[in-house]
Amino acid sequence: RLVDEYRRYGTHCAKHLSGEFAFVLWDRTRGVLLAGCDPVGIRALAYFSTGRSIFLCSRALVLLREPRVPRRLNAVYLAHTLCDLWAQPPGLTPCASVQRIRPGFALLLRNGRLTEQEVDRIAGSPTEGLRWTAERSIARFWDELAEAVRDALSGEASPALELSGGLDSTAVALCA
């Protein structure tokens, strides 16, 4: 399915996929490497680039096995962790030289140049110009949760709570 969507929509193919996903696609005929993930970022890939090589992995810590990856802590990530903030800025990892593909973005390697481009976004998100207050966000959360519970009780969907358990552990309410 990914290859079909890529042939049809090019680098914006991720917008036409659904569910949790991450992918790396090499288009030999165009000399393009494309890597992306779902707009929520549950399966966001980690990467390190030397300028001549790129290393991609589903687990950021695995990239530290590569001797060319510098072992420096990311000060911003560390500050967020020590200050007990709920979420790290998108794309950061504990290692300063390793990044994650931001949710809704894709990495594009073309003609030796690595770029990141937005390819999808969650409909109705604050980034679409809506003015969200804390009260509105909380109300929207409870509305979405109530709808997921209604759907689960009707047998149409299966809600779940997922805990990653890592240093950047998050709880994400899902409705599969």
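Analyst: A residue is called buried when its relative accessible area is under 20%, exposed when that area is over 50%, and partly exposed in between. Glu66, at 17% relative accessibility, is therefore buried. The model is a predicted one, and Glu66 forms a salt bridge in it with the side chain of Arg68, with an N to O distance of 2.7 Å. Arg68 has 47% relative accessibility and so counts as partly exposed.

The salt bridges number five. Side chains of opposite charge can pair when their charged atoms come close. Another of these bridges joins Lys15 and Asp120, at 3.7 Å from N to O. Lys15 sits in the loop between helix H1 (2-9) and E1, and Asp120 in the loop between strand E7 (113-118) and helix H3 (134-154), so this pair ties together parts 105 residues apart in sequence. Lys15 is partly exposed because its relative accessibility is 46%; Asp120, with a relative accessible area of 12%, is buried.

A further bridge is formed by the side chains of Arg102 and Glu116, with 3.3 Å between N and O. Here too distant parts of the chain are linked: Arg102 belongs to the loop between E5 and E6, Glu116 to strand E7, and 14 residues separate them. Both partners are partly exposed, Arg102 with a relative accessible area of 29% and Glu116 with 31%.

The largest nonpolar core consists of twelve residues, including Tyr6, Cys13, Phe23, Leu34 and Val119. Strand E1 (22-27), strand E2 (32-37) and strand E6 (105-110) each contribute at least two residues to this core. Apart from it lies another core, of nine residues, with Cys57, Ala60, Cys95 and Val98 among them. Cys13 is buried at 0% relative accessibility, and beyond four places in sequence Cys13 touches Leu2, Glu5, Tyr6, Phe23 and Leu34. Cys57 is also buried, at 16%. The structure contains zero disulfides.

Ser97 lies in the loop between helix H2 (75-82) and strand E5 (99-100). At 16% relative accessibility, Ser97 is buried. A polar atom of the Ser97 side chain is 3.1 Å from the backbone oxygen of Pro70, and the contacts of Ser97 beyond four places in sequence are Tyr47, Phe48, Val69 and Pro70.

As for confidence, the mean pLDDT is 79, and 81% of the residues reach 70 or more. Residues 167-176 have pLDDT below 50, although this stretch has 30 contacts in the model beyond near neighbours in sequence.

Definitions and conventions:
Residues are numbered from 1 along each chain as its sequence is written. This is a predicted model: local features need pLDDT of at least 70, side-chain atom pairs count only at pLDDT 80 or more; totals for chains, interfaces and linings use all residues. Side-chain values use heavy atoms; hydrogens and water are left out. Helices (H or I, at least four residues) and strands (E, at least two) are DSSP runs, numbered from the N terminus. Buried means under 20% relative accessible area, exposed over 50%, partly exposed in between (1.4 Å probe, protein chains only). A polar contact is a pair of N or O atoms within 3.5 Å; within protein, one must be able to donate a hydrogen and the other to accept it, and residues adjacent in sequence count only if both atoms are side-chain atoms. Contact means heavy atoms within 4.5 Å. pLDDT is the predictor's confidence in each residue, from 0 to 100. A nonpolar core is a set of buried Ala, Val, Leu, Ile, Met, Phe, Trp, Tyr and Cys residues joined through side-chain atoms within 4.5 Å. A disulfide is a pair of cysteine sulfur atoms within 2.5 Å. A salt bridge is a side-chain nitrogen of Lys or Arg within 4 Å of a carboxyl oxygen of Asp or Glu.
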